[in-house]
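Dear colleague,

Please find below the structure that I am handing over to you, followed by an account of what was found in it.

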Amino acid sequence: MTNETWGRVRQELIKAVGKNNYTTWIEPLEFRDLSDGVVTFTVPTSFIGNYVSQNFGDQIKFQLNMTGTEVKRIAFQVAANSPRRPAPAQHSEKPAMAETQHDLPGAPLDARYTFDSFVVGKPNELAHAASKRVAEGGPVTFNPLFLYGGVGLGKTHLMHAIAHELQAQKPALNVLYLSAEQFMYRFIQALRVNKMMDFKELFRSVDVLMVDDVQFIAGKDSTQEEFFHTFNALVSANKQIIISADRAPGEIKDLEDRIRSRLQCGLVVDLHPTDYELRLGILQSKVEQYRGQYPNVELRDGVLEFLAHRISKNVRVLEGALTRLFAFASLVGKPVTMELTQDCLADILRDSDRKVSVEEIQRKVSEHFNIRLSDMIGPKRVRNFARPRQIAMYLCKQLTSRSLPEIGRRFGGRDHTTVMHGVRKIEELITTDGQLADDLELLRRALEG
Ligand code: ADP
Ligand code: MG
């Protein structure tokens with residue numbers, strides 16, 4: 001196992017344990033070594049080690065095993081009282097903290113995020129074209145280039161691609177890429193140690209400045225102020241600026257008006273949610289990349305189409321699914337079939353599939369309990385009808401995005417409190433009534449399959 005593997009596993013763990021747990025417990029772990037199936041981490045205190053071991057030990061082990069690293073046990077060693085050195089976080093979203101201490105400008109670029117590996121489709125073609133143009137490093141035509149779009153649609157990928165391209169084609173240019181969070185961090189550091197002159201000088205000396213996730217500085221007044229000055233200084237020196245955010249400039253709350261209008265005066269392009277073709281294209285290109293890593297994994301027809309169809313949220317989830325699938329298939333030495341896919345990705349598929357309709361649920365549930373649909377929806381309160389009705393309500397709450405009043409309306413105009421009562425009742429029964437729990441599981445599978 002390498003630090004890089006651990007970097008990737010950490011990314012998976014963010015998803016698995018949530019950001020807060022991750023920052024508090026996982027981030028402080030430093031990978032030390034792996035021998036005889038025992039992975040050792042250095043921890044700042046034994047308390048952290050114990051806590052992690054009890055609460056996240058299995059997850060860490062599982063994720064490590066998923067990467068093909070065989071891990072039997074996890075051990076912790078308390079760091080000798082040296083100050084903690086953050087572990088190199090290759091693919092971490094915010095490796096900034098580690099870097100700042102070494103006073104390296106900017107954040108490391110992910111080598112995988114290039115134009116070559118970026119799949120172009122209708123939803124992102126404008127953003128891609130604009131990025132390509134900026135990456136030529138010619139005379140500045142639009143300033144800034146403002147890229148926006150939802151999570152996981154490729155903003156960071158495009159920015160890194162621009163930086164890679166510029167570094168390759170115009171090595172003399174001073175390109176600085178960092179997240180808005182890092183910008184703020186550096187700014188505050190500079191204030192604290194009285195190094196504002198250095199800070200200003202550093203930022204004003206770049207030829208191309210890229211700030212990722214700029215929505216982060218909204219509401220942070222002195223950081224905004226400094227950002228504004230940096231921005232103006234660079235624009236008037238005719239230096240290229242590239243900004244990303246999760247929404248359009250006009251929609252970022254708590255952003256000063258003058259900054260907003262500054263951001264809008266260049267080229268603003270958005271990355272649209274992916275469509276089926278783009279998702280399929282991305283999957284196909286990822287599979288090409290995996291060929292080298294997993295030469296023995298056989299991929300059956302239809303699997304990619306299935307994934308592109310079912311996982312429509314964002315590209316990161318899509319990629320994560322494929323990574324897991326390949327790691328799993330290679331681990332168990334089986335081909336990637338539809339069946340294996342459904343087993344291995346059950347959680348992701350469940351999350352992304354909310355397309356079951358209330359009517360479908362009502363139909364399936366009444367079939368299952370052998371009652372008429374009209375009785376399920378109708379007013380009769382006898383147990384034979386009431387229980388299936390509650391089960392159907394519960395499933396509607398779980399599997400659709402309908403609100404309680406909406407569900408009530410579709411169950412013969414019942415009040416939302418009735419629905420809530422039904423949902424609670426089933427939640428209660430699941431834990432005590434094994435038969436009912438089984439019925440639910442069956443129904444859920446039938447509805448999702
Ligand atoms: P954002 O910064 O918009 O949240 P990222 O750039 O981090 O999204 O993209 C999330 C993941 O999806 C990355 O691993 C990236 O490589 C991948 N990705 C997104 N869009 C594409 C695309 N069009 N082609 C290939 N990979 C993509
Ligand atoms: Mg990003």
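How far does a polar side-chain atom of Arg-316 lie from an oxygen atom of ligand 1? The distance is 2.8 Å, which falls under the heading of a polar contact (a pair of N or O atoms within 3.5 Å; within protein, one must be able to donate a hydrogen and the other to accept it, and residues adjacent in sequence count only if both atoms are side-chain atoms). Taken alone, ligand 1 exposes 560 Å², of which the protein buries 96% (accessible areas follow the Shrake-Rupley method with a 1.4 Å probe; for residues, only the protein chains shown count as cover). Helix H6 (155–169) and helix H13 (315–332) are the elements that give two or more residues to the shell around ligand 1. Here, helices (H or I, at least four residues) and strands (E, at least two) are DSSP runs, numbered from the N terminus.

Before going further, please note that this is a predicted model, in which local features need pLDDT of at least 70 and side-chain atom pairs count only at pLDDT 80 or more, while totals for chains, interfaces and linings use all residues. Residues are numbered from 1 along each chain as its sequence is written, chains are lettered from A and ligands numbered from 1 in the order in which they are written, and side-chain values use heavy atoms, with hydrogens and water left out.

The backbone also takes part around ligand 1. A backbone N or O atom of Gly-152 lies 2.7 Å from an oxygen atom of the ligand, and a polar backbone atom of Gly-154 is 3.1 Å from an oxygen atom of ligand 1.

Turning to helix H10 (residues 257–264), its buried residues are Ile-259, Arg-260 and Leu-263 (buried means under 20% relative accessible area, exposed over 50%, partly exposed in between; 1.4 Å probe, protein chains only). These residues cover an arc of only 100° around the axis, so they are on the same side of H10 (the arc is that of the directions from the helix axis to the C-beta atoms). They pack against strand E4 (145–149), helix H9 (221–236), strand E7 (240–245) and strand E8 (267–271).

Leu-404 belongs to helix H19 (residues 404–410) and counts as buried because its relative accessibility is 16%. Leaving aside neighbours within four places in sequence, Leu-404 is in contact (heavy atoms within 4.5 Å) with Lys-397, His-416, Val-419 and Met-420.

Yours sincerely
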